[in-house]
Amino acid sequence: MDSLHAIGFYVSAALSVAGGLSLAFLESRRRRGAALAVVGLGAAGTYASLSAGLAGAMALLCYAVIALLVARRDYRAIALPVDDRWRQVAGVGAALLLAVLAYSAYRGSFAHATFYGGPIGTAAIGRLLFSHDALATEAITALVLAALVGAAVGWRRERSRDERQREQPERRK
Amino acid sequence: MTVSFVSVLFVASALIAVGAFVAAWRRELTSALAGVPVMLAGAGTAFAGISRFASTEDAQLIGQEMAVLLAIVALAAVALGIGIAGREAPR
């Protein structure tokens with residue numbers, strides 16, 4: 001890997017980690033959406049510098065849509081009944097998770113192979129998706145379909161009785 | 001300057017831990033849900049790194065394929081969460 005790709009990798013990684021961290025502290029929805037877009041940009045840059053350009057393009061697209069969804073103003077805010085003490089325990093747990101993962105990445109004896117650099121393109125990934133990993137693709141499409149149906153059903157808001165009663169006299173007029 | 005497999009795994013670990021932190025730290029459901037795509041970006045980075053540094057010739061695309069699938073799963077998870085949260089009443 002040449003220096004340019006290495007610089008791109010580290011800059012993208014820093015972008016995605018910084019965007020992810022800022023998600024924990026930003027209050028406005030629009031800013032959280034922007035932070036998620038930064039995470040997506042960083043992830044796409046990381047994938048691209050690892051010779052996974054198509055995955056980078058898909059990640060960029062998906063995270064842009066996620067950012068738009070999160071930045072919307074009109075979804076309900078649901079507060080979770082979480083104690084401050086448990087949040088702090090969760091923060092320490094995340095730090096421990098980082099330590100364990102980083103230690104296992106450093107100490108693990110992973111298999112290394114040289115990069116072949118063969119043809120990587122949409123057709124090759126499509127062949128893999130529909131032949132080698134057909135089951136995984138089916139599972140993901142079923143999940144996406146269930147998510148879309150759930151989102152559509154959940155998005156329809158049932159009007160309260162008060163609202164319905166308020167509308168009735170207006171219609172009679 | 002170069003990138004090694006271990007540095008890719010470090011970045012992936014950092015993203016997964018940051019996503020877990022966001023999911024645990026935020027009080028509001030949809031804000032906590034925003035940590036899930038960050039965790040999945042970390043997993044996707046690990047897969048892309050494996051496909052770049054530690055896979056055989058035949059299996060190089062599988063890591064990239066998994067990264068694509070994880071991005072789609074992240075989108076589905078956020079769409080479902082926001083859909084379940086529902087729309088706010090008009091004022």
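**Exercise 1. Describe the contact between chain B and chain A, starting from the residues on each side.**

Solution. The contact draws 70 residues from chain B and 75 residues from chain A, where two residues are in contact if their C-beta atoms, placed from the backbone, lie within 7 Å. The model is predicted, so local features need pLDDT of at least 70 and side-chain atom pairs count only at pLDDT 80 or more, while totals for chains, interfaces and linings use all residues. Residues are numbered from 1 along each chain as its sequence is written, and chains are lettered from A and ligands numbered from 1 in the order in which they are written.

Next, look at the elements: on the side of chain B that touches chain A, those giving two or more residues are helix H1 (5-25), helix H2 (29-33), helix H3 (35-53) and helix H4 (60-85) of chain B. Helices are DSSP runs (H or I, at least four residues), numbered from the N terminus. H4(B) gives the most to this side, with 22 residues.

Finally, sort by class: this side of chain B has 46 nonpolar, 16 polar and eight charged residues. Here Ala, Val, Leu, Ile, Met, Phe, Trp, Tyr, Cys and Pro count as nonpolar, Asp, Glu, Lys and Arg as charged, and the others, Gly among them, as polar.

**Exercise 2. Work out how H1(B) and H3(B) are arranged.**

Solution. The two helices pack at an angle of about 170 degrees, with their axes 7 Å apart; axes are lines fitted to C-alpha atoms over the stretch in contact, and angles run from 0 to 180 degrees between N-to-C directions. H1(B) is therefore roughly antiparallel to H3(B), a term for angles over 145 degrees. The residues of the contact of H1(B) with H3(B) divide into 18 nonpolar, five polar and no charged.

Methods
Angles under 35 degrees count as roughly parallel, over 145 as roughly antiparallel, 65 to 115 as roughly perpendicular and the rest as oblique.
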